[in-house]
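Me: I am new to this structure. Please show me how to read its features, step by step.

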Amino acid sequence: MIRKERKDKMFFLVEQWEQSGQSQRSFAMANGMKLYTFRYWVNKYRSKEQATGGFVQLNGPCSTNLLIRYPNGIELHVPLSTPVSLLKCLIRM
């Protein structure tokens, strides 16, 4: 696995953990990782979010989908539960 793929995979796992309500220890064990490895990626993810400003949570009218409209006119509807890392990839396309 190349570096970017590994980073994306680990950031995806960190986002899953944040939504799971589990402790870092139990989440790491459930996903076959050593606790210190998982903590490394949590810290890396958090420092990246602080450095880039990250996404801001919006509170407003509830919807079930998010719309991404590309300059060529293509529209992509994705569920609100889509992980932030995937949304970032889709926005950069």
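Reply: We will take the fold, then the ring pairs, then the charged side chains. Keep in mind that this is a predicted model.

Me: What does the secondary structure of the protein come to?

Reply: Begin with the helices and strands. The protein has 4 helices and 2 strands. Along the sequence, they follow the pattern α-α-α-β-β-α.

Me: Now the rings. How many aromatic pairs does the structure hold?

Reply: First the general idea. A pair of aromatic rings is described by two values, the distance of the centres and the angle of the planes. This structure holds 5 aromatic pairs. One of them joins Phe-11 and Tyr-45, with ring centres 5.2 Å apart. Their planes stand at 80 degrees, so this pair is edge-to-face.

Me: Where in the chain do Phe-11 and Tyr-45 lie?

Reply: Phe-11 is in helix H1, and Tyr-45 is in helix H3, which covers residues 35–52.

Me: Are Phe-11 and Tyr-45 buried or exposed?

Reply: Check each against the cut-off. Phe-11 is buried because its relative accessibility is 4%. Tyr-45 has 7%, so Tyr-45 also counts as buried.

Me: What kind of pair do Phe-27 and Phe-38 form?

Reply: Phe-27 and Phe-38 form a tilted pair. The centres are 5.3 Å apart, with 35 degrees between the planes. This pair also links distant parts of the chain: Phe-27 sits in helix H2 (residues 24–30) and Phe-38 in helix H3, 11 residues apart. Phe-27 has a relative accessible area of 5%, so Phe-27 is buried. Phe-38 is buried too, at 0%.

Me: Which residues do ring pairs link into a cluster?

Reply: The cluster is made up of Phe-11, Tyr-40, Trp-41 and Tyr-45.

Me: On to charge. How many salt bridges are there?

Reply: The idea is simple. Side chains of opposite charge can pair when their charged atoms come close. The count here is 2 salt bridges.

Me: Which residue forms a salt bridge with Lys-4?

Reply: The partner of Lys-4 is Asp-8, and their closest N and O atoms are 3.0 Å apart. Both residues lie in helix H1 (residues 3–20). They are 4 residues apart, about one turn of the helix. Lys-4 is partly exposed, at 48% relative accessibility. Asp-8 is partly exposed as well, at 28%.

Me: What is the N to O distance in the salt bridge of Glu-75 and Arg-69?

Reply: Their side chains meet at 2.8 Å, N to O. Glu-75 is partly exposed, with 38% relative accessibility. Arg-69 has 54%, so Arg-69 counts as exposed. The cut-off for exposed is over 50%.

Me: Which residues gather in a patch of positive charge?

Reply: Arg-3, Lys-7, Lys-44 and Arg-92 gather in this patch on the surface. Take Arg-92 as a case. Arg-92 lies in helix H4, residues 84–92. Its relative accessible area is 63%, so Arg-92 is exposed.

Me: One more residue. Where does Arg-39 lie?

Reply: Arg-39 lies in helix H3. At 41% relative accessible area, Arg-39 is partly exposed. Now look at Arg-25, 14 residues from Arg-39 along the chain. The C-alpha atoms of Arg-39 and Arg-25 are separated by 9.0 Å.

Notes
Residues numbered from 1 in each chain as written. Predicted model: local features only at pLDDT ≥ 70, side-chain atom pairs only at ≥ 80, totals over all residues. Heavy atoms only, no water. Patch = residues over 30% accessible without salt bridge, like charges linked within 9 Å, V, L, I, M, F, W, Y side chains within 5 Å. Areas by Shrake-Rupley, 256 points an atom, 1.4 Å probe, with all protein chains shown as cover. Salt bridge = Lys/Arg side-chain N within 4 Å of Asp/Glu carboxyl O. Lys, Arg positive; Asp, Glu negative; His and termini not counted. Charge placed at Lys NZ, Arg CZ, Asp CG, Glu CD. Buried < 20%, exposed > 50% of the residue type's maximum accessible area, 1.4 Å probe, protein only. Phe/Tyr/Trp six-rings, centres within 6.5 Å; stacked < 30°, edge-to-face > 60°.
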